[in-house]
Structure formats: C-alpha cells, structure tokens
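Here is a short tour for anyone meeting this chain for the first time. Have a look at it, and then we'll walk through a few spots together.

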Amino acid sequence: MVAITAPGSIERIPLVRYPKANAGPTAVIPAIDLSAPGAAAAVADACGSLGFFRATNHGVPAGLADALEAGAMAFFALPHQEKLDMSGPASPLGYGSKSIGSNGDVGWLEYLLLSVGSGSVVGSSLPPSLRMALEEYTDAVREVGGRVMELMAEGLGVAADERAVLRRMVVGIDGSEEMVRVNHYPPCSCLLPPGRDCGVTGFGEHTDPQIISVLRSNCTGGLQIKLRDGRWVPVPPDPDSFFVNVGDSLQVLTNGRFRSVKHRVLAPEGTQSRLSVIYFGGPAPSQRIAPLPQVMREGEQSLYREFTWGEYKKAAYKTRLGDHRLGPYELP
Ligand code: GA4
C-alpha cells in the first residue's frame with residue numbers, strides 16, 4: 001500500500017464517515033452506446049433524470065488510459081516530498097494530499113489537479129512520460145466530451161446547424177478552462193473494522209461547477225451518485241467506459257432540464273487502490289452562463305440569475321465541497 005501521509009499524522013485528520021450506499025439498485029446507471037442511433041435521446045434522458053451516465057463505444061483506445069494509469073501510479077509511489085517538489089502543493093492546481101480546496105475539506109486521497117489546453121499540460125514539472133500520457137489521454141477524452149455535448153444538444157431538440165453550441169464553449173476555444181484531476185485513493189481498511197456500515201470519505205459529496213465532467217477509473221469501486229429521491233447508489237467501476245457528469249453550469253445552460261449530479265467517493269477497504277481520472281470541461285471566464293435560447297420555449301423564464309463562468313468559479317472556490325453553489329443564483 002502506498003502511504004499518502006507521514007506516519008502518525010493521519011490520526012489528526014478529521015475524516016468524515018458516510019453510511020454506505022444501499023447495495024441494491026446498481027442497475028440504475030444508464031449505459032449509452034455513443035455510436036448507436038438512439039444515443040442523443042438516451043443522453044438527454046439520462047442527463048434529465050440522473051445527470052449521469054456511462055458512455056460505451058467511445059472510440060478511445062484502451063492503451064491511452066493504461067499508459068496514464070501506469071504513469072500516475074508510478075508518480076503516486078514517489079516519496080511525498082518529491083511529489084510536492086514536482087507539482088505541489090495544490091493551490092488549487094498541483095499535487096494535493098487529503099486536503100481538498102482551501103476551505104477545510106479533507107478526504108482519504110492524494111491527487112494531481114492540472115490545467116490542460118489543447119496538446120499541453122500546463123504549469124507542472126511532471127515526469128515526461130506521465131506528462132505525455134496525460135496529454136494524449138486528454139486529447140482523446142476531450143473528443144468524447146465534445147461528442148457527448150453534441151448529443152446533449154441534439155437530445156434537447158437543438159436544430160442540426162446549431163448543435164455545436166455547447167461543444168464550442170469548451171472545445172477548441174481560446175481561454176476555455178479545461179482541467180484534469182487524477183485521484184489516488186489508497187485502501188484504508190486499517191482505519192475501520194471490516195463489515196461496518198460506514199465508510200471513510202475518499203472525496204466528499206459535491207457537484208462539479210463546470211459544464212461537463214468525464215471520468216474513467218480502474219477496477220476499484222467507491223464512486224456513488226445521489227438519486228433525485230435522495231438515495232445514494234454505488235457506481236460499479238468499468239475501466240472500459242467513461243462516466244459523464246452534468247455540471248452546475250450545464251444545469252443553468254439548459255434551464256434545469258439537465259441536473260448536476262451530487263457524487264462522492266468512499267475510500268477502498270480491500271487491498272486495491274482506486275485510481276480515477278476526470279476531465280472537467282469549463283468555458284472561458286468571460287462566457288455568459290444563462291439558459292441557451294436554443295432550448296427555451298416561447299415565454300419560458302430563466303430559473304437563474306445570469307453570471308459569467310469567471311464569476312461562478314471565483315464564488316465556487318470560496319465554498320465548502322458539499323455546499324449548494326447554485327443556490328445564490330436561483331430566481332424565486
Ligand atoms: C469540484 C470539481 C473539481 O474537482 C474541482 C474541485 C475544486 C478543488 O478541488 O479545488 C473545489 C470543488 C471542485 C468545488 C468547491 C471548491 C472548489 C474544492 C472546493 C471545496 C477542481 C472544481 O473545479 O471544483
């Protein structure tokens with residue numbers, strides 16, 4: 001097992017414990033074949049109900065994720081100080097361990113949070129092989145995100161010649177804010193007797209502020225999503241698929257037709273680490289976030305006060321992880 005903290009110091013971290021999710025309804029996560037004829041309707045349906053789905057048949061060669069996974073595990077196996085010297089401390093970008101954001105949130109994980117532009121990973125002195133794997137992986141996943149955003153627009157009924165409206169806010173736009181987060185959750189069975197009905201928080205419950213997030217993990221589970229009825233359900237890991245999250249900004253752009261999904265991660269209890277890589281697609285800071293005219297019906301009122309991505313991001317970074325960040329923008 002890889003240690004993510006100096007011996008002894010973990011006892012001082014007040015890790016939150018969550019009741020484990022209902023083991024039952026794992027089948028609830030829709031799987032969508034991105035190349036199938038009905039994909040657009042299925043995407044819109046999943047984003048409107050759960051804000052989450054599993055994308056299959058995405059066209060990304062498995063070798064890209066394998067190379068990134070190998071490079072990331074080698075990085076996380078380095079001594080703590082070396083990781084910090086190369087990339088940290090996260091503020092918010094860089095290498096972080098247990099501390100999430102700057103407002104006191106903690107979790108049982110270590111991570112790399114990086115800004116990525118087309119063909120480049122910005123501002124870090126990572127090992128060249130990891131940097132290259134990240135760039136190749138990101139270029140491929142950006143395309144998946146772009147394809148999904150086109151399907152979203154189609155599923156929302158946007159006319160064919162305007163379907164790139166969402167994609168164009170993120171992909172290939174100067175100044176769009178794309179990030180990649182590599183999360184490593186070492187097993188922590190040492191902390192709790194096995195079989196208890198509580199788990200240790202890997203990453204606390206939250207929604208993502210961006211437009212879209214595209215996640216891929218190794219074979220170790222732990223991710224859970226919250227259903228509209230308040231139940232938490234585990235997401236069975238599938239290294240061959242990508243998991244797509246609706247972010248807060250997309251909820252506003254669709255005037256609430258798509259819902260940003262609350263999700264969290266419980267730390268693994270067995271012997272295997274969980275490694276996940278998440279691509280966050282955010283627009284340029286000046287991008288106005290308001291319901292798209294293409295999705296509004298005649299006479300429909302916006303549910304949100306308008307803001308720019310730059311404003312929202314600034315406000316979001318002052319919040320705690322679990323806060324309802326869209327609250328202050330909701331209109332009565
Ligand atoms: C959640 C989604 C992304 O991981 C992230 C996170 C960010 C961080 O880790 O620095 C935040 C969190 C995320 C939302 C609220 C603030 C900011 C931690 C936190 C407490 C990189 C992002 O963009 O927002």
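Among contacts between residues at least 6 apart in sequence, 73% join residues at least 24 apart. Keep in mind that this is a predicted model. The chain has 332 residues, and 43% of them count as buried. Its secondary structure comes to seven helices and 16 strands.

Here are some of the elements that come up below.

| Element | Residues |
|---|---|
| Helix 1 | 39-49 |
| Helix 2 | 62-76 |
| Helix 3 | 80-87 |
| Helix 4 | 128-155 |
| Strand 5 | 105-117 |
| Strand 7 | 177-185 |

Let's start with a pair of helices. Helix 1 and helix 4 pack with their axes 7 Å apart, at an angle of about 85°. Angles of 65 to 115 degrees count as roughly perpendicular, so that is the word for how helix 1 and helix 4 sit relative to each other. On the helix 1 side, the residues that meet helix 4 are Ala39, Ala40, Ala41, Val43, Ala44 and Cys47. Helix 4 brings Val148, Leu151, Met152, Glu154 and Gly155 to the meeting. Sorted by class, this contact has nine nonpolar residues, one polar and one charged.

Next up is helix 2. Which residues of helix 2 are buried? They are Ala65, Leu68, Glu69, Gly71, Ala72, Phe75 and Phe76. And what covers them? The cover includes two helices you've already seen in the table, helix 3 and helix 4, along with strand 5, strand 7, strand 9 (212-217) and strand 14 (274-282).

Pro127 sits in the loop between strand 6 (120-122) and helix 4. Is Pro127 buried or partly exposed? It has 13 other C-beta atoms within 10 Å, so it counts as partly exposed. Pro127 also lies 9.7 Å from Ala74, C-alpha to C-alpha, although the two are 53 residues apart in sequence.

Technical notes
Residues numbered from 1 in each chain as written. Predicted model: local features only at pLDDT ≥ 70, side-chain atom pairs only at ≥ 80, totals over all residues. Axes fitted to C-alpha atoms, helices over the stretch in contact; angles between N-to-C directions. Helix = DSSP H or I, 4+ residues; strand = E, 2+ residues; numbered from the N terminus. Parallel < 35°, antiparallel > 145°, perpendicular 65-115°, else oblique. Contact = placed C-beta atoms within 7 Å. Nonpolar A, V, L, I, M, F, W, Y, C, P; charged D, E, K, R; others polar. Expected span 1.5 Å × (residues − 1). Buried ≥ 20, exposed ≤ 12 C-beta atoms within 10 Å, placed from the backbone.
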